[in-house]
Amino acid sequence: MIEARGLTKRFGDKTAVQDVSFSLQAGQVTGFLGPNGAGKSTTMRMLMGLDRPSEGGITVLGKPYAEHRNPLCIAGALLDAKGVHPGRSARSHLQALAVTHGISRSRVDQVLELTGLESVAQKRVGKFSLGMGQRLGIAAALLGDPEVLVLDEPVNGLDPDGVLWVRQFVRAFAAEGRTVLLSSHLMSEMAQTADHLIVLGRGRVIADAPIAELLASGERRTVRVVSPDAIRLGELLRAEGARSTQRADNRELVLEGIAAERVGEVAAAHGIVLHALSTDATSLEEAYLALTRSEVEYSTDEHHADQPAAA
Ligand SMILES: Nc1ncnc2c1ncn2[C@@H]1O[C@H](COP(=O)(O)OP(=O)(O)OP(=O)(O)O)[C@@H](O)[C@H]1O
């Protein structure tokens, strides 16, 4: 569906994207993650034909985006929600775009409905909230009824209702067998929205895998137990080889190296009351931080190395 091969982009002596290759599958939401400056936006811009690769290439349905006869029917993008004339209404903004691209007026009504903007279609865009502005950006991306939707930070700054709407929208879009590429820094949101993740670090792909696989690779299960007798329980469990940290008024323990079942058995054997016992799997955020730690540290070192040694 979308294929990047050896994709590289240099701005002067800065390499923003370096030898990036990946394939995106139809029917999936692929999350694009990475620290600031990792090259996500540049890759998305090259996908949409807005930046020209220095080397390699990226194709949508077998061709570079700009070489399609009706590119808006192939892929739509929300890369920067601004760039809309504030004095125009939502409808006239979409109609202007539709006319330029030979798209019918009835499609404007459809995308207004799809994005829940019908009731504010006549309102001036300058008066729109951030959430409405994002919906309008998505409505514009949908005008050509595309197979691919590319969204750069679509939930940035949105309230919880807005975030939920974007999530449900992209899930439904992918469920129709279409393709979504979505970048976000909100890890919990990504965990709920994406099927597959591509993580970039300093312009290179550092992970490309289904979310479940990424979580399993960083798996470090901890057991959380709450007990009025947590201090004694902690001593007993450490004798069993568990490593523990005490929390919250000496009533909560967080344990590694022991299963929740064994914690329950030891507590029962010693008549210790438990108020809670649970296993916490690695969160996507932890897995992501483990993956990108060296990338962030390296870039910080690099930054220091750039500083002149003496003024
Ligand atoms: N037009 C440009 N000219 C010069 N450098 C650029 C240009 N566009 C991007 N860069 C640089 O390329 C690198 C990658 O930027 P990019 O915006 O693609 O990263 P990103 O992963 O989208 O970051 P963020 O999460 O902060 O949006 C950065 O170091 C950035 O400063």
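How many of the five residues of strand E7 are buried? Five of the five are buried, and strand E7 (residues 179–183) is mostly covered. A residue counts as buried if 20 or more other C-beta atoms lie within 10 Å of its own, as exposed if 12 or fewer do, and as partly exposed in between, with C-beta atoms placed from the backbone. Strands, labelled E, are DSSP runs of at least two residues, helices are H or I runs of at least four, and both are numbered from the N terminus.

The model is predicted: local features need pLDDT of at least 70, side-chain atom pairs count only at pLDDT 80 or more, and totals for chains, interfaces and linings use all residues. Residues are numbered from 1 along each chain as its sequence is written.

Start with the two faces of E7. In a regular strand the side chains alternate between the two faces of the sheet. On one side of E7 are Thr179, Leu181 and Ser183, on the other Val180 and Leu182, and all are buried.

Next come the partners of E7. Two strands pair if DSSP finds at least two bridges between them. Strand E3 (residues 29–33) runs parallel to E7 and is joined to E7 by four bridges. Here valine 29 stands opposite valine 180. Strand E6 (residues 148–152) also pairs with E7 in the parallel sense, over five bridges. Valine 150 has leucine 181 of E7 as its bridge partner, and leucine 151 stands opposite leucine 182.

E6 and E7 also belong, with helix H6 (residues 160–175), to a right-handed β-α-β unit. Right-handed means that, with the strands pointing away from the viewer, the path from the first strand over the helix to the second runs clockwise.

Now take the whole sheet. It is open, has six strands in the order E5-E6-E7-E3-E8-E9, and its pairing is mixed. Strand E5 (75–78) and strand E9 (204–210) are at the edges with a single partner strand each, so one side of each has no neighbour in the sheet. From one strand to the next, the twist averages 15°, an angle taken on a scale from 0 to 180 degrees between N-to-C directions of axes fitted to C-alpha atoms.

Which residues surround the ligand? They are Phe11, Lys14, Ala16, Gly34, Asn36, Gly37, Ala38, Gly39, Lys40, Ser41 and Thr42, where a residue is near a molecule if its C-beta atom, placed from the backbone, lies within 6 Å of it. Strand E2 and helix H1 (40–47) are the elements that give two or more residues to this shell. H1 gives the most, with three residues.

Two residues stand out by their backbone angles. Most residues other than glycine have a negative phi. Aspartate 19, in strand E2 (residues 14–24), has a positive phi of about 50° although it is not a glycine. Leucine 61, in the loop between strand E4 (55–60) and helix H2 (71–74), has a positive phi of about 45° and is not a glycine either. Aspartate 19 counts as partly exposed because it has 15 C-beta neighbours inside 10 Å. Leucine 61 is partly exposed, with 15 other C-beta atoms within 10 Å.

Finally, consider the chain as a whole. It is divided into domain 1 (2–210) and domain 2 (222–280), with bounds from an automatic or database domain assignment. The centres of the two domains, taken over C-alpha atoms, are separated by 46 Å.
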